[in-house]
Amino acid sequence: MKSYQFIPYTKESYDEEETLKRSKAHFEYFNKRRTVRDFSDKPIPMEVLENIVKSASTAPSGANKQPWTFCIVTSAEIKKKIREAAEKEEYDSYNSRMPQEWLEDLEPLGTDWKKPFLETAPALIIVFKRSYEIVNGKKKNNYYVTESTGLACGFLLEAIHHCGLAALTHTPSPMNFLCTVLNRPENEKPFLLIPVGYLAESTTVPNISRKDLTDIAVFYK
Ligand SMILES: Cc1cc2nc3c(=O)[nH]c(=O)nc-3n(C[C@H](O)[C@H](O)[C@H](O)COP(=O)(O)O)c2cc1C
């Protein structure tokens, strides 16, 4: 196996004051990201969607296997199919599959089995994780597939936020219908269904709070 050629790499760095300023500004900008469930139907230019996905694909991945596929759906017909299948699963989940504790945790968010945003949002990005590849007819493993694809989705959400669009991280459960509707190969498993779009005119979001730093971080100085 041949090694990669190693090439010089540089990037900008800043003095302490500027580093602090940038870290604060970045937190404030990230803290404005919210999950949205009300989208306008205003179309998104295809090049914007391409750039968002290209940003997501810069995420690190186990052994650089990049074990992900992004399916970008703007077709009204396919969005309708996805909505119908998702609502069928979600109806069963909300009415008989989810344990009481889960339903109680979801109640404050006001979600239910109805998913109109799957048709209203101008684009759905369905992320698949690839547990293996077929190379010359042989199975080749990917590594840390869930971690890598999760990171790519984080990058995707950041890219969406950065260009003034909004997204919903959606997990209609189970999601196998996405393999059938989108005709995906055996080695791909649905990971997240992410409607993307501009905010609807009177979008509201639940007034949730984020945990304090002291509840999420432990410093060993
Ligand atoms: C893995 C994952 C799955 C989620 N699934 C759903 C979902 O199926 N439906 C939904 O309305 N929101 C879903 N959410 C969104 C969360 O409810 C939301 O991120 C959380 O309430 C925090 O709100 P925020 O994103 O505005 O900070 C999901 C989020 C994550 C990370």
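Modeller: In this predicted model, Tyr 29 counts as partly exposed because its relative accessibility is 23%, and that class lies between the limit of 20% for buried and that of 50% for exposed residues. Phe 30 belongs to the partly exposed class as well, with a relative accessibility of 38%.

The count of aromatic pairs comes to 2. One of them is formed by Tyr 29 and Phe 30, whose ring centres are 5.7 Å apart and whose planes make an angle of 55°. This pair is classed as tilted, because the edge-to-face class requires an angle over 60 degrees and the stacked class one under 30.

Tyr 91 and Trp 113 also form a pair, with 5.2 Å from centre to centre and 80° between the planes, and this arrangement is edge-to-face. The pair links distant parts of the chain, as its members are 22 residues apart. Tyr 91 belongs to helix 3 (residues 76–97), while Trp 113 sits in the loop between helix 4 (100–106) and helix 5 (117–120). Tyr 91 has a relative accessible area of 40% and is therefore partly exposed; Trp 113, at 29%, is likewise partly exposed.

The next feature is the ligand. Arg 33 places a polar side-chain atom 3.0 Å from a ligand oxygen. Thr 169 contributes through its backbone, with an N or O atom 3.0 Å from a nitrogen of the ligand. In Thr 171, a polar side-chain atom lies 2.8 Å from a ligand nitrogen. On its own the ligand has 620 Å² of accessible area, of which the protein covers 66%.

An open sheet is built from 4 strands in the order 1-2-6-5, with antiparallel pairing. Strand 1 (68–73) and strand 5 (166–167) are the edge strands; each has a single partner, so one side of each lacks a neighbour in the sheet. Strand 5 is joined to strand 6 (residues 188–197) by 2 bridges, and the two run antiparallel. Within this region, Ala 166 faces Gly 197 of strand 6.

Note on methods. Residues numbered from 1 in each chain as written. Predicted model: local features only at pLDDT ≥ 70, side-chain atom pairs only at ≥ 80, totals over all residues. Heavy atoms only, no water. Polar contact = N/O pair within 3.5 Å; in protein donor to acceptor, adjacent residues only side chain to side chain. Areas by Shrake-Rupley, 256 points an atom, 1.4 Å probe, with all protein chains shown as cover. Pairing = 2+ DSSP bridges. Phe/Tyr/Trp six-rings, centres within 6.5 Å; stacked < 30°, edge-to-face > 60°. Buried < 20%, exposed > 50% of the residue type's maximum accessible area, 1.4 Å probe, protein only.
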